[in-house]
Amino acid sequence: MDFFEVIFGNGRWVYFWHGFEVTMVLTTIVVIAGLILGLLLALLRTSISKPFKLLRKLPKYPKSKFLQKLADFNPLLVFAKLYIGIIRGTPALVQLLIMYYVVFGSIRTMPKLIVAAIAFAINSSAYIAEIIRGGIESVDKGQLEAARSLGFSHFKAMYYVVLPQAMKNAMPGLIGEGVTMFKETSIVGWIGLGDIMRGADDIRSLTATAFQSLFAAAILYLVITTVFSNLMFRLEKKISKEEN
């Protein structure tokens, strides 16, 4: 069987079409949710919150290492570091299976698409957080201090001054993460969700051929990632030109 007969014979291209729909919907949800969660985590990673700083006024503070550490303790920062470390240190497939079989194991009415979206959004947010944090730290600290000296609160200074520049600086990394996440969704077949790779596997089973269906899936992924990357880089250049 030649390539076109394997893919288009008996309407088998429909498996790819349905898989394409699932992949695009899943990726869109994950990118939006991951960006929101990642931004929140990045703000936690750069937080200056120290709820026990009043301990510095105690008479025993200069001599107590425990009080010094407690006064400098930033629970938001610790939580963000722990979250990011765990998520980045474990495979996305393991997280997906835990989400499906453990977290939602007793809720079989939960759509697999939603389960996968939650798992991938959590995974992506850890990487996005570090990308945005890098963008925040690339902004000159003097701008934050200048905004504070003008009467801005830390939150308003971050929102109006630092974040717009940080997001611009982080744009290449965010585009790369979006492309990576699109490709990583190819593992959702492990929980029975019919994405592009599941469509390729169905065609392989029906035709007893592997090369044609897998090659078609590879081409489909390549085309979509190329188009997406070009659109995002054009958007990035347009934003840069408008600001200049």
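## Tyrosine 100

Tyrosine 100 counts as buried, at 13% relative accessibility, because the limit for buried is under 20% relative accessible area. The model is predicted, and these values are computed from it.

The charged end of arginine 108 sits over the ring of tyrosine 100, 5.2 Å from the ring centre.

## Helix H5

Tyr100 belongs to helix H5, which spans residues 92–103. The buried residues of this helix are Ala92, Gln95, Leu96, Met99 and Tyr100. Viewed down the axis of H5, the buried residues lie within an arc of 125°, so they line one face of the helix.

## Aromatic pairs

The whole structure holds 12 aromatic pairs. One of them joins phenylalanine 3 and phenylalanine 4: the ring centres are 5.5 Å apart and the planes stand at 90°, so this pair is edge-to-face. Phenylalanine 3 is partly exposed, with a relative accessible area of 27%, whereas phenylalanine 4 is exposed, with 57%.

Tyrosine 100 and tyrosine 101 also form an edge-to-face pair, with 4.8 Å centre to centre and 80° between the planes.

## Phenylalanine cluster

Ring pairs link Phe3 and Phe4 with Phe8, Phe211 and Phe215 into a cluster.

Technical notes: Residues are numbered from 1 along each chain as its sequence is written. This is a predicted model: local features need pLDDT of at least 70, side-chain atom pairs count only at pLDDT 80 or more; totals for chains, interfaces and linings use all residues. Side-chain values use heavy atoms; hydrogens and water are left out. Buried means under 20% relative accessible area, exposed over 50%, partly exposed in between (1.4 Å probe, protein chains only). Helices (H or I, at least four residues) and strands (E, at least two) are DSSP runs, numbered from the N terminus. The arc is that of the directions from the helix axis to the C-beta atoms. Rings of Phe, Tyr and Trp (its six-membered ring) pair if their centres lie within 6.5 Å; planes under 30 degrees apart count as stacked, over 60 as edge-to-face and the rest as tilted. A charge sits over a ring if NZ of Lys or CZ of Arg is within 6 Å of the ring centre and within 35 degrees of the ring normal.
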